[in-house]
Amino acid sequence: MGKKIMFYPGCTLKGVAKNLEDSTVESARVLGYDFIELPGWTCCGAVYGLAQDSVKFTIANVRNLIKAQNYGKEIDDNRLIAVCSMCYNNLKRAHIDVMKNRDKLKTLDLFMDEEADYEGNINVLHYLQFLKNDVGFDKIKSAVKKPLKGLKVAPYYGCLLLRPDEVAIDDREDPHILEDLLKVLGAEVVDYPLKNECCGSYHTVDKKEIVGERTYKLVSVAKEMGADVIATSCPLCFFNLDKRQEIAKNKHNDFEHMPIVYFTQLMAIAFGLTSQDVLHFDKHYISPEEVLKKWL
Amino acid sequence: MKYTIKEDPHKNELVQKVIEISGENIFSCYQCGRCSSGCPMAEFMDVLPNQVFMFLQEGDVDTLLKAKTPWICAACFTCTVRCPVGLDLAAVMEAIRELQLRKNYDYIDPYKVEDREELPPIAMVSNFRKFTP
């Protein structure tokens, strides 16, 4: 049994992003941590309310934080790990928001009268932060069984790991945390100037064409820089960059497909976890099997 | 062209509402253009982000209510973190959307969304939260 840590999966990891969930939980297990799903978690709401008087977008997040507060006391650890960029961003923003605006917290505590009040001591972390600061890259290096030598990876952060400033896991204009991890796994990291640019996000629902254009640009530049795959941590970026290649290809003759992977899948592969129960390549539109077969 | 500002924008009710909902002092923008130059959605917009502030400062909210721009903004916060006077542009875009959404306006109809089975839940949740009341 490893050390118990609270893990917030989020809705998408339970369906289309099963590959992200299983590769996260299993890679953590190799490092000696048992990721325990936060009991009774609910959806984070995906986007944070930006209106000054918006309280409704914060309710679900604070409720999740209260659940973490209760369970955290049981396992004596206040860290709550999220791996989906949207979940991380929302939980973290909600925490910072209610700590800054105590009136808002009071309103929420009064509204959620069945729950305990939020005490503000939950430490929301993205998996990358946890890997770097709590596990340490040295320990990760010693767990690598199959170094990803020769695999050229473009690291893609997207928006919500880096913006706004209060929740940024690294420098927002020139982040390195993902590169550093990929190098520890033995991969060759290509310089990717669009690593912090938006993929088009929720426009994928009603303005697919815009996301297709973004995907064309993001994937073509990664290709130009010599990448074999793009690694991300956000299931929405993943879906957009993977699935919307279809639109990019239809519109641009010069477009070449590229597989998209989660950084956790690369970690799992480097740790020798190559079972499809962990990697779930059937969840990919563009299969990464061909590019990764050397290590599978 | 002769241009007359017809009314004091500070007293314009809609401008005041945008300020109230966003919590941002839209008059502090001095048109440096950094928001528009870094905006990944700018090529799809009919009014550029810096122009949004120009219209607000002139008290012309009607133009913005008819514009596509607030509905094209993806709330990626690139402009927000780069604005030299610290304006949260994403919140201002949201405030302009809110002016309409709070009148029970649906920008999209969730029942008409295609490929609902394959879309990730976060795509739909975020889209409906931004585009429906």
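Some ground rules. Residues count from 1 along each chain as its sequence is written, and chains are lettered from A, ligands numbered from 1, in the order in which they are written. Since the model is predicted, local features need pLDDT of at least 70 and side-chain atom pairs pLDDT 80 or more, while totals for chains, interfaces and linings use all residues.

Let's start with chain A. Its domain assignment gives domain 1 (3–128) and domain 2 (141–295). Those bounds come from an automatic or database assignment. The C-alpha centres of the two domains lie 24 Å apart. In the contact between them, domain 1 of chain A gives 25 residues and domain 2 of chain A gives 28. Contact here means C-beta atoms, placed from the backbone, within 7 Å. On the domain 1 side, α1 (18–30) and α3 (85–100) of chain A are the elements that give two or more residues. Helices are DSSP runs of H or I, at least four residues; strands are runs of E, at least two; both are numbered from the N terminus. The largest share of that side, nine residues, comes from α1(A).

Next, a sheet. In what order do the strands of the open sheet with β1 run? The order is β2-β1-β3-β4 in chain A, with parallel pairing. Strands pair when DSSP finds at least two bridges between them. At the edges sit β2 (33–37) and β4 (123–126) of chain A, each pairing on one side only. From one strand to the next, the twist averages 40°. Strands β1 (3–8) and β3 (79–82) of chain A pair over three bridges. Now the helices. α1(A) packs on this sheet, touching β1 and β2 of chain A, at about 145° to β2(A). Helix α2 (56–75) of chain A lies across β1 and β3 of chain A, at about 175° to β1(A). For those angles, axes are lines fitted to C-alpha atoms, for helices over the stretch in contact, and the range is 0 to 180 degrees between N-to-C directions.

There is another open sheet in chain A: four strands, parallel, in the order β6-β5-β7-β8. Its edges are β6 (188–189) and β8 (260–262) of chain A. Inside, β5 (152–155) and β7 (229–232) of chain A share three bridges. A:Val153 stands opposite A:Val229 in β7(A). Helix α7 (177–184) of chain A packs on this sheet, touching β5, β6 and β7 of chain A, at about 160° to β5(A).

One more helix. Buried means 20 or more other C-beta atoms within 10 Å of a residue's own. Among the buried ones are A:Phe238 and A:Phe239.

On to chain B. It has eight helices and zero strands. Of its 133 residues, 38% count as buried. Its C-alpha atoms fill a box of roughly 55 × 30 × 30 Å along the principal axes.

Finally, the interface. 30 residues of chain B are in contact with 33 residues of chain A. Helices α1 (13–22), α6 (78–82), α7 (89–101) and α8 (121–131) of chain B each supply at least two residues of the chain B side. The largest share, nine residues, comes from α8(B).

Conventions: Buried ≥ 20, exposed ≤ 12 C-beta atoms within 10 Å, placed from the backbone. Contact = placed C-beta atoms within 7 Å.
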